[in-house]
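Here's a quick briefing for anyone meeting this structure for the first time. Have a look at it, then go through the points below.

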Amino acid sequence: MVLTIRPSSPSVQAQPSADITHDRGDRFHDECGIFGIFGHEDASAHTALGLHALQHRGQEAAGIVACDGTQFHSERRIGLVGDTFSDLSVIARLKGQAAIGHNRYATTGDTVLRNVQPLFAEFAFGGFAVAHNGNLTNALTLRKELVDRGAIFQSTTDTEVIIHLMATSAHKPMVDRIIDALQQSEGAFSLVALADQQLIGVRDPHGVRPLVLGTLDSAYVFASETCALDIIGATFVRDVEPGELVVIDASGVHSMRPFTDRPRKFCVFEYIYFSRPDSVVEGLGVYETRKRIGIELAREYPVDADMVIPVPDSGTPAAMGFAEQSKIPFELGIVRNHYVGRTFIEPGDQIRHLGVKLKHNANRSLVAGKRVILVDDSIVRGTTSVKIVEMMRSAGAAEVHMRIASPPTTHSCFYGVDTPDREKLLAANNDIEAMRDYIGVDSLSFVSHDGLYRAMGHGKRDAENPQYCDACFTGDYPVALTDEDGGASARQLSLLAERA
Ligand code: AMP
């Protein structure tokens, strides 16, 4: 079936047409970077820069919707931010003093333009655009109910559910409609939304995904991470709080608390891998936190060796901490080619294997005959580790030890980090000795749960009420998995629900 998305409003700039095919994935994939700005004459240019700083959160597609007070202007394309938004004529078309933007990350499924955010809709109250980081765990269930009531979906994103819930809300004002929609939504959401006179930033009651508020001159800015404030010279004001909805309009900043209080459950994996090391997330510097995890790892699992080698780039800060604590020299024994994307971007297993080789190479003259400790942030499928260890062995390393700066990843994430299905997670099916054997190392250790929590400034993990969402390491899911648990026969529902 080939459809072409038309802009939902004549005031929206026409978008390139797209061939629509089915997402091959069996669940929604959202792992994204979001940005919003209100009250700046270069709103879209700043949004493009903010998205560029957030590129690590999503490399599949990027979009910006700007508003000049009455008209909305939109550009959404497949590709990196710079592929689309370094073209000044594109920025010039995105007129207005307010804009929001989105980087999309998807690891399986066809890349389809209709899923690229921000999504735009024309409501009775006017135009409305929304960009979402996170994953709604009852999206399929809600979607089925909406489709049964006559809704026609244009994308396969969970975010569109929010738009339909807003459209069918009994409330009239836009802010009341979005609150109504989000009160029915379960799971993780950090959102930025744009109406003709308002910018909104909101985080789910558990605060699973990050969102910060900043200022730039007299303008206000929302961003997934502080690195996106830095790039435009904005000043960090504060994190948007879990369960907080912030409305920005011509009269200033208005904070609301429309949700039932829930325990704070920020995603611990943001610190381990996902956020950029120069960001400060929920009061903790990501780089320093990763380094402290490396220190804990060296305390827990010391090993005698000649050098500590990071698996670049994400293993680097932890390797520095490990080297500092163990007093073993830190060396760049693996060199990374920066001109290839993250391994996970490649959907097929064959290409993913190739991707690891394309990305890393052993520094032969350095490692030959040496006992090396490799430090990486995480093991997911084990693909990277197997290849890196093979590389070290063929470069002549005498011993290869591996230390991982997170506990074993035993469970999938349903809150917006795109981990594979559980059966593909190496640690879900193997104990540490079996993993050591599979990866081919002389020793393998993972930081303990308590070691991780110590690195984050806590004495230990609170088993009754963990300080973070760490479901990927524990299976302790803080928010109901309504769709996964078979809500409304959700798993049988086609992603193109209107065809089911
Ligand atoms: P794997 O090769 O499947 O074991 O993947 C492990 C590598 O992927 C680690 O070196 C991480 O840096 C990286 N990684 C971990 N989680 C993710 C994720 N959700 N998306 C992309 N890359 C990841």
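A contact here means heavy atoms within 4.5 Å. Among contacts in the protein between residues at least 6 apart in sequence, 69% join residues at least 24 apart. Keep in mind that this is a predicted model, where local features need pLDDT of at least 70, side-chain atom pairs count only at pLDDT 80 or more, and totals for chains, interfaces and linings use all residues. Residues are numbered from 1 along each chain as its sequence is written, and side-chain values use heavy atoms, with hydrogens and water left out.

**The big picture**
- The protein has 17 helices and 23 strands; these are DSSP runs numbered from the N terminus, with helices being H or I of at least four residues and strands E of at least two.
- Of its 500 residues, 60% count as buried, meaning under 20% relative accessible area, while exposed is over 50% and partly exposed is in between (1.4 Å probe, protein chains only).

- Helix α4 (residues 139-148) is largely enclosed by the rest of the structure, because seven of its ten residues are buried.
- Those buried residues are A139, L140, T141, L142, R143, L146 and V147, and what covers them includes β6 (126-136) and α5 (159-167).
- After α4 comes G150, with a positive phi near 105°.
- Over in helix α10 (residues 316-326), the buried residues are P317, A318, A319, G321, F322 and A323.
- They pack against α9, β17, β20 (371-376) and β21 (399-404).
- K327 follows α10, and its phi is positive, near 60°.

**Two residues to look up**
- Y301 sits in the loop between α9 (286-300) and β17 (307-310), and it counts as partly exposed because its relative accessibility is 33%.
- Leaving aside residues up to four places away in sequence, Y301 touches F322, R403, S445 and F446.
- The C-alpha atoms of Y301 and L444 are 9.0 Å apart, although 143 residues separate the two along the chain.
- H56 belongs to the loop between α1 (43-53) and β2 (61-67), and with 11% relative accessibility it counts as buried.
- The H56 side chain makes a polar contact with the side chain of E225 at 2.8 Å. A polar contact is a pair of N or O atoms within 3.5 Å; within protein, one must be able to donate a hydrogen and the other to accept it, and residues adjacent in sequence count only if both atoms are side-chain atoms.

- Most residues other than glycine have a negative phi, and most peptide bonds are trans.
- Q117 and P118 are joined by a cis peptide bond, with omega about 0°; P118 lies in the loop between β4 (98-104) and β5 (119-123).
- Another cis peptide bond joins P312 and D313, with omega about -5°, and D313 is in the loop between β17 and α10.
- D217 isn't a glycine, yet has a positive phi of about 55°.
- You'll find D217 in the loop between β9 (212-216) and β10 (219-223), where it is exposed, with a relative accessible area of 70%.
- E282, also not a glycine, has a positive phi of about 50° and is placed in the loop between β15 (280-281) and β16 (284-285).
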